[in-house]
Amino acid sequence: MTVTRSELREKVMTILYQISLYKTNKIEYDIDRVIEENVEISNEFVKEIVYGVITYKDTLDKIANDNLNNWTIDRLDGVGQEILRMGIYEMKYTDTPDLVVINEAVELAKKFSDDSVRKMINAVLDKLINQE
């Protein structure tokens, strides 16, 4: 069974959100085990994005905060935070075309967040394209 990148991004979002809940509730976790629980087969794309977002979280949050108008990333819902971090990470640190990153992030936000969060994610990622 072939899994699309869109489906993998949804898995990444779930994994990152799950890890954020573990951190918030001070529950011990192993990143690889959380990945294994959510992805049936080992996948380098998933590992790269999950580890990348975790590694660069502070940098990603600063980029988000610098590009949110009168808002901060911690005020977004938890899922919206992870979608935005994933989008910024993928845009800054991978070869994925920027328009694909924006489209994927917006589609995830449509599915899992409210419209205002979707608009903020879209605006931040759009600003990043114009800064490059």
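Reply: Start with contact: it means heavy atoms within 4.5 Å. By that rule, Thr94 touches Glu48, Ile49 and Tyr89, not counting residues up to four places away in sequence. This is a predicted model: local features need pLDDT of at least 70, side-chain atom pairs count only at pLDDT 80 or more, and totals for chains, interfaces and linings use all residues. Residues are numbered from 1 along each chain as its sequence is written, and side-chain values use heavy atoms, with hydrogens and water left out.

Me: Why does Thr94 count as buried?
Reply: Buried means under 20% relative accessible area, exposed means over 50%, and partly exposed is in between (1.4 Å probe, protein chains only). Thr94 has 16% relative accessibility, so Thr94 counts as buried. Thr94 lies in the loop between α5 and α6 (98-112).

Me: Why does Lys111 count as exposed?
Reply: Relative accessibility is 56% for Lys111, so the residue counts as exposed. Lys111 lies in helix α6.

Me: What makes a polar contact of the side chains of Lys111 and Glu10?
Reply: The pair must be N or O atoms within 3.5 Å; within protein, one must be able to donate a hydrogen and the other to accept it, and residues adjacent in sequence count only if both atoms are side-chain atoms. The side chains of Lys111 and Glu10 make such a contact at 3.0 Å. The side chain of Thr94 makes one with the side chain of Thr96, at 3.2 Å. The Thr94 side chain also reaches the backbone oxygen of Glu90, at 2.5 Å.

Me: Why are α3 and α5 called roughly perpendicular?
Reply: Helices (H or I, at least four residues) are DSSP runs, numbered from the N terminus. Axes are lines fitted to C-alpha atoms, for helices over the stretch in contact, and angles run from 0 to 180 degrees between N-to-C directions. Under 35 degrees is roughly parallel, over 145 roughly antiparallel, 65 to 115 roughly perpendicular, and the rest oblique. Helix α3 (residues 44-55) and helix α5 (residues 78-93) pack at about 105°, with axes 10 Å apart. Therefore α3 and α5 are roughly perpendicular to each other.

Me: What makes a nonpolar core, and which residues have the most contacts inside the largest one?
Reply: A nonpolar core is a set of buried Ala, Val, Leu, Ile, Met, Phe, Trp, Tyr and Cys residues joined through side-chain atoms within 4.5 Å. The largest has 40 residues, and Val50, Leu84, Ile88 and Leu125 have the most contacts inside it. Its largest share, 7 residues, comes from α5. Leu84 touches residues including Ala64, Ile73 and Leu125.

Notes. Helix = DSSP H or I, 4+ residues; strand = E, 2+ residues; numbered from the N terminus.
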